[in-house]
Amino acid sequence: CAAAGSFQEAGVIQQAYNLNFPLHALPASCAQCPAWSAFSVSSPAIVLETVKQAGAGAEDRPEAVVVRLYEAYGSTVTAWLQTSLPIKEAMLCDLLERPAGQGRLPLEQQGLRLSFTPFCVLSVLLVLSH
């Protein structure tokens, strides 16, 4: 008997990440600590794959992090990347973490507006405020 619905509706990608990269619970120093999230993405079609300190391609920006996202549903979608980190500037970069030619991304109240084509991978260089 085949199940009804699509893999998107079934949450297959999230379940695969849960299986392959399980969360590890660590004791907290305070039971009253508020919930906190460094990043969120407005579309379930977009997977935030990597958050890392910027590497050699951004050696003139030691206070930068790179966020890598991809479109997983085979769709064209615009999504908002939101962060609680203090961002001074943001720009698309290549896989070597060198800034791409599009220039800075506008920092809007909703976050960073990113446009994806099917299965597109985007890397965003985020320069943090001190």
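Which residue in β4 is the bridge partner of F39? In this predicted model, the residue that F39 is bridged to in β4 is T83, and the sections below place that pair within the chain.

## Basis of the model

This is a predicted model, in which local features need pLDDT of at least 70 and side-chain atom pairs count only at pLDDT 80 or more, while totals for chains, interfaces and linings use all residues. Residues are numbered from 1 along each chain as its sequence is written, and side-chain values use heavy atoms, with hydrogens and water left out.

## The chain as a whole

The secondary structure comes to two helices and eight strands, where helices (H or I, at least four residues) and strands (E, at least two) are DSSP runs numbered from the N terminus. Along the sequence these elements follow the pattern α-α-β-β-β-β-β-β-β-β.

Taken along the principal axes, the C-alpha atoms fill a box of roughly 55 × 45 × 30 Å. Of the 130 residues in the chain, 32% are buried, that is, under 20% relative accessible area with a 1.4 Å probe and protein chains only. Among contacts (heavy atoms within 4.5 Å) between residues at least 6 apart in sequence, 72% join residues at least 24 apart.

## The three-stranded sheet

An open sheet of three strands has the order β1-β4-β7, with antiparallel pairing; two strands pair if DSSP finds at least two bridges between them. Because β1 (39-41) and β7 (112-116) stand at the edges with a single partner strand each, one side of each is left without a neighbour in the sheet. Neighbouring strands of this sheet are turned by 25° against each other on average, direction ignored, the axes being lines fitted to C-alpha atoms and angles running from 0 to 180 degrees between N-to-C directions.

Three bridges join β1 to β4 (residues 77-83), and V41 stands opposite L81 in β4. On the β7 side, β4 pairs over five bridges, and there L81 has L112 as its bridge partner.

## The largest pocket

The largest pocket has a volume of about 220 Å³. A pocket is an open set of points on a 1 Å grid where a 1.4 Å probe fits, with protein on both sides within 12 Å along at least five of seven lines, and lining residues have an atom within 4 Å of a point. The volume is the space filled by probe spheres set on the points.

The lining consists of 13 residues, of which I13, Q14, P44, I46 and V47 lie nearest the centre of the pocket. The elements giving two or more residues to this lining are α1 (7-10), α2 (12-20) and β2 (46-53).

Note on methods: Buried < 20%, exposed > 50% of the residue type's maximum accessible area, 1.4 Å probe, protein only.
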